[in-house]
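This briefing is for a reader meeting the structure for the first time. Please look through the sequence and the model before going on to the points below.

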Amino acid sequence: MLEFLFNPMHQGWIVQGLFLTVEITLFGVLLGLGLGTLLAIGDIYGKKPVKAAIAVYVEIFRGSPLFVQLFLAVYTVPTILNLQIDHAILAFLVFGLNSAGYQKGYVKGAMETILDDQMQAGLSTGMSKIQTLRYVILPQAYRIVIPSWTNEFCSLTKSTATLGYLGFMDLVGAGLAIKGSNYEILPVWIVIGAIYFVWITGFAKIMDVIYEKKRIPGVELAMQS
Amino acid sequence: MADFVMEARNVYKTYSIKKIKKGDAACNVPVKHQVEAVKNVSLQIRKGDIKLIFGPSGSGKSTFLRCMAMLDIPDKGEIYLGDECLTAPGADLNKARARIGFVFQHIYLFRHLTALGNVELALRQVLKLPKEEARKRALDALNEVKVSDCINKYPAQMSGGQAQRVGIARAIARNPDIILLDEPTSALDPELTGEVIDTLRDLAKEGTTMLIVSHEMPFAREVAEEMIFYDEGKVVETGPPSLFFNAPNTDRAKQFMTRIINRTTRE
Amino acid sequence: MDVWQQFIILLEGVPLTLSISIFSFLIGIVVGLPLAFIRVYEKEISFVVDAYEKIFRGVPEIVLLLLFFFGLRPFFPFPFGNAFFVACFVLGLRSAANQSQIYRGAIRGVGDEQMIAGMSVGFSKWRAIWYIMIPQVFNFSTSGLGSEYALLIKDSAYVYVIGLAEVMTRSLQLAKSGPGDYVTPFVLGAAIYIALTFPFAFWLDKWGNKRKKKIGL
């Protein structure tokens, strides 16, 4: 029943698939964090048109399925731009842009809880707004954001499962390929599901530990039970 | 011109506050109203001066003090730091604030940094001091306010009195031209105010230029050269402590002094 | 095929998208509420809920859909041979895991006093939960449920992998059958999804705030 696990070719596919899944999620979530932070700052300090543009951006990326966004990017962007772009790069960009739409909300929420007093304190010592953001606000906001960020990581990883249907060799792609060579279907998907589960749950566990480690001594951060 | 370390000329500041109950912002209709916190206030401070602003709460003292540090931008009027007009367009406020120490009522330490980190940060990032020198100056400042025992503690691990003294250390570490203190003791438990007052007394002895908003009357009597009675956005009366403790000229100041002295003696 | 015709074809997928989302949402409520209360009030067995939530947090919806549909169909043609059932089953149970967390926050929001007050008038624990807690829990979970609903609308696109002809599947079919025009079907599809997700979450949040105001919170 599980003989496909001992087939070196299938092992290769699975390893390759896991690698692609991990790679694209990590890059996507980091790009999302960077861009999300910029969007959050823009939304707090920007003028009206900037805020409106950010709201539209967020609505587009949060309002439609990632699946649709991926197809749109992979099938249409090269045609429109008349350029040969590596599909993996497009997919990575879509994940990053999509994730930014969500992470903007988390970062902004975290910033708002600390902004009032800490910004004043920063300015009072002669630091500029940007310096205060860099050295005072963001280090605290990022600590607060870790649990939401972990959730975002989990759901982004799960969304990468769509990649297999765009012809990528991610974990689902590997599963589809193995299924193609006449194995029983159920064990294949159970194994693929288990690999996702271990990776996501393990990563979430690591983030929990980091969250605990990075906690500001004496401060109770957002309750988690 | 540079007679004064700091000067405020005809400063006005009005702001509208929206009162929203905390927690569920969207389900309360915000009540908007205008507060005239500072109405035509002028003030001069010479080097070594210690001036104390006092008056009823909500009268705009804190707003005025924040205007002095340009943490609130005045609507009208000028603020001078030495020769430099801070209210002029294009003034480098960050540079100016680096020369002004500010101590907050609610302390406002950087929560993610230790006491040392709090003091060090601006020395490193604003004055761009090398690491060792920043550390040395931070330690000196913390020593001066007598909190060297909690240099590695985080704000949430300190008592209010310790935290506020770290706040003072953060303000003095840059050797600012002047220190502005916004009710530095009023958020503290009564038994902790003493240690902060002692610190301020030490600073006064060293000839630090200070503008303090405070209701600590015994302290005021001891160190202030001039007391400023502030009410409803205006300076009502100015004079040496002896004036206020014996016979203030205005009725309002008289009433306020009576009330506050009664309260202090009862305690 | 002109844009309008394409649009009509896509619109015909909306009922399916909506019914999958709504059924899943309802399954999510029915399963998620008890999970939340078990997690809060039955500490001895809350590890089961924890494991349940972790599994749905850690396994992609697509893999679950494939597993239950293609994997279990040979063994249990009923009910797993029915793609619509599998879609609602998987997305509903996934939603239950999310909703359980939303309700848990809401239970904290309602507060322990309410529970104690309920028990003080003689209710048993689960009767107090039914009569006192559940009616109030929804007031505190509107914003979370709004985004959960939007999430379900979007995730219903995954059922493309088990061949249900909802909006996403139709976009792809149009794109592949058309004369190389990939842009229009997907842009239209995306617009339909945005239109479906946007107003409801907005409305639900408003309603929740009104409710809270009404009961003085």
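The model is predicted. Chain C has 11 helices and 0 strands, 20 residues of chain A are in contact with 21 residues of chain B, and 6 strands of chain B form an open sheet.

**Chain C**

- Chain C contains 11 helices and 0 strands, and its pattern along the sequence reads α-α-α-α-α-α-α-α-α-α-α.
- Taken along the principal axes, the C-alpha atoms of chain C fill a box of roughly 70 × 45 × 25 Å.
- Chain C has 217 residues, of which 46% count as buried.
- Of the contacts in chain C between residues at least 6 apart in sequence, 77% join residues at least 24 apart.

**Where chain A meets chain B**

- The contact involves 20 residues of chain A and 21 residues of chain B.
- On the side of chain A that touches chain B, helix H4 (87-124) and helix H5 (129-159) of chain A each supply at least two residues.
- By class, the residues on this side of chain A are 9 nonpolar, 9 polar and 2 charged.

**A helix pair in chain A**

- Helix H6 (residues 171-180) of chain A packs against helix H7 (residues 185-214) of chain A at an angle of about 165°, and their axes are 10 Å apart.
- Angles over 145 degrees count as roughly antiparallel, so H6(A) and H7(A) are roughly antiparallel to each other.
- The crossing of H6(A) with H7(A) is right-handed.
- H6(A) contributes A:Leu171, A:Val172, A:Gly175, A:Ile178 and A:Lys179 to the contact, and these meet A:Ile185, A:Val188, A:Trp189, A:Ile192, A:Ile195 and A:Tyr196 in H7(A).
- The contact of H6(A) with H7(A) divides into 9 nonpolar, 1 polar and 1 charged residues.

**The sheet in chain B**

- The strand order in the open sheet of chain B is S6-S7-S8-S3-S9-S10, with mixed pairing.
- Strand S6 (100-103) and strand S10 (234-239) of chain B each have a single partner strand, so one side of each is left without a neighbour in the sheet.
- On average, neighbouring strands of this sheet are turned by 15° against each other, direction ignored.
- S6(B) pairs with strand S7 (residues 178-182) of chain B in the parallel sense, over 4 bridges.
- B:Val103 stands opposite B:Leu181 in S7(B).
- Helix H1 (residues 61-68) of chain B packs on the sheet and touches strand S3 (50-54), S7, strand S8 (210-213) and strand S9 (226-231) of chain B.
- The direction of H1(B) makes about 155° with that of S8(B).

Notes: Residues are numbered from 1 along each chain as its sequence is written. Chains are lettered from A and ligands numbered from 1 in the order in which they are written. This is a predicted model: local features need pLDDT of at least 70, side-chain atom pairs count only at pLDDT 80 or more; totals for chains, interfaces and linings use all residues. Two residues are in contact if their C-beta atoms, placed from the backbone, lie within 7 Å. Ala, Val, Leu, Ile, Met, Phe, Trp, Tyr, Cys and Pro count as nonpolar, Asp, Glu, Lys and Arg as charged, and the others, Gly among them, as polar. Two strands pair if DSSP finds at least two bridges between them. Axes are lines fitted to C-alpha atoms, for helices over the stretch in contact, and angles run from 0 to 180 degrees between N-to-C directions. Angles under 35 degrees count as roughly parallel, over 145 as roughly antiparallel, 65 to 115 as roughly perpendicular and the rest as oblique. A crossing is left-handed if the near helix is turned anticlockwise from the far one by less than a right angle, and right-handed if clockwise. A residue is buried if 20 or more other C-beta atoms lie within 10 Å of its own, exposed if 12 or fewer, and partly exposed in between; C-beta atoms are placed from the backbone.
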